[in-house]
Amino acid sequence: MSIKETDNKLIERINKILLQATNKHALEKVIEAGHNGPYHDSETLVRNCSHWISTLTYMYYLSGELDYKGRVHVLAEFLFSQGARPNGYSFHHRNGHKDKCNGLIGQAWTFEALVKASEILGDLKYAQLAEDVFFQHNFNDQYGLWNRLEIDGENLSIDLTFNHQLWFASCASLLKTPKEAQIKAMVTRFLDCLIENVAVLNNGLIYHPIERKIHDKYNGISLKGWVKKAAVRVIKIVLVKNDIQYDIEKEERHKIMINKSIGYHQFNMYAFAMLKEQMPEHSIWQSDIIKNAVDYMTTDDFIQGIEDNIYGFPYNPPGFEVPFALSVLGDLGEEELKQHTEYWMNKQFDKCYNSVTSSMDKNTEDPITHTARLYEVTRLLDMKDLQG
């Protein structure tokens, strides 16, 4: 079910917000870089440029205005340029001391945009660029996981953040390019290995990191990374005075990770929903892992846990992510799904949207990125109907 089958007033509200946002941010040619929400990592223009392509594509299909299509072309050409991919390897997503590719997740967001660009502009070169970058990433067939690829071509560690792996697989599955069959084979292997790679708690919550032990060369990381990690381990051993102190620190880290996991749960489920739309035949969709994770989104534990979570409404927008995930993965009746959709969407906008500035700048540390993430709502609005 798409949101078009829910309250028309909600649809009108969404379209008005998107119109105001694109007028301010896109037609005035203002695409800015944010700082990745609560992480405060200095980002390049690549991420938000990628997000805006999806929103502008929706607005073009909704209105037929060629200005929107023109802006998609400008932004897609930037992603195709050396400015976005300076060394011919991965896309440059962030600055600073962390990896500049932003793990696999940065690349996934840009793949998503390049697919949209090829669709609206009728030029396969954008999607083929995503295909080229995808195949530059090393895939470990044993674990069904990908390594990160730095912007200078260095093969970095297997990305042990689960949502990064999931989004990379999901966005790669969107590619309808010459090597589509090879891509789907890798994504199928990722799904085949999912039960071993994802940690789902008893209540259905997806745990943020991949807990599986990876036994690869240098434990799946470059020599430089291995030396750095070894040094950190030595420092921890020196600092820990006794087992009790270590247990307290471990428990505290676990609490922090649980909170983060709650803030990212629906972000994972959104990507799962995207992936199911592309690969509905895989048996994973009938598994208890998926069923329990879907059910968790409707529990009081999740609703309360996400309410004041810094990774929730101010960053990963559950108002857009929960309804889409439930519409694709859930087994709810029409009226129940309608109620969930209206609750989550209205709550997201009431918490974060500022009608005066036409931005998602309320209750967020990164209004630039948060406004760009309006693109996530467009997947609920069923662009295929608009195209048809």
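**Exercise 1.** With which residue does Arg-94 form a salt bridge, and how far apart are the closest N and O atoms?

*Before you start.* This is a predicted model, in which local features need pLDDT of at least 70 and side-chain atom pairs count only at pLDDT 80 or more, while totals for chains, interfaces and linings use all residues. Residues are numbered from 1 along each chain as its sequence is written, and side-chain values use heavy atoms, with hydrogens and water left out.

*Solution.* 
- Step 1: recall that a salt bridge is a side-chain nitrogen of Lys or Arg within 4 Å of a carboxyl oxygen of Asp or Glu.
- Step 2: the partner of Arg-94 is Asp-41, with the closest N and O atoms 3.1 Å apart.
- Step 3: Arg-94 lies in the loop between helix H3 (66-80) and helix H4 (103-121), and Asp-41 in the loop between helix H1 (8-25) and helix H2 (46-63), so the pair ties together parts that are 53 residues apart in sequence. Helices (H or I, at least four residues) and strands (E, at least two) are DSSP runs, numbered from the N terminus.
- Step 4: Arg-94 and Asp-41 are both buried. Buried means under 20% relative accessible area, exposed over 50%, and partly exposed in between (1.4 Å probe, protein chains only).
- Step 5: look around the pair, and you find Asp-41, Arg-94, Lys-98, Asp-99 and Arg-148 linked in a network of salt bridges.

**Exercise 2.** Find the partner of Lys-351 and locate both residues.

*Solution.* 
- Step 1: Lys-351 forms a salt bridge with Glu-307, and their closest N and O atoms are 3.1 Å apart.
- Step 2: Lys-351 sits in helix H14 (residues 334-352) and Glu-307 in helix H12 (residues 300-307), so this pair links distant parts of the chain, 44 residues apart.
- Step 3: Glu-307 has 26% relative accessibility, which counts as partly exposed.
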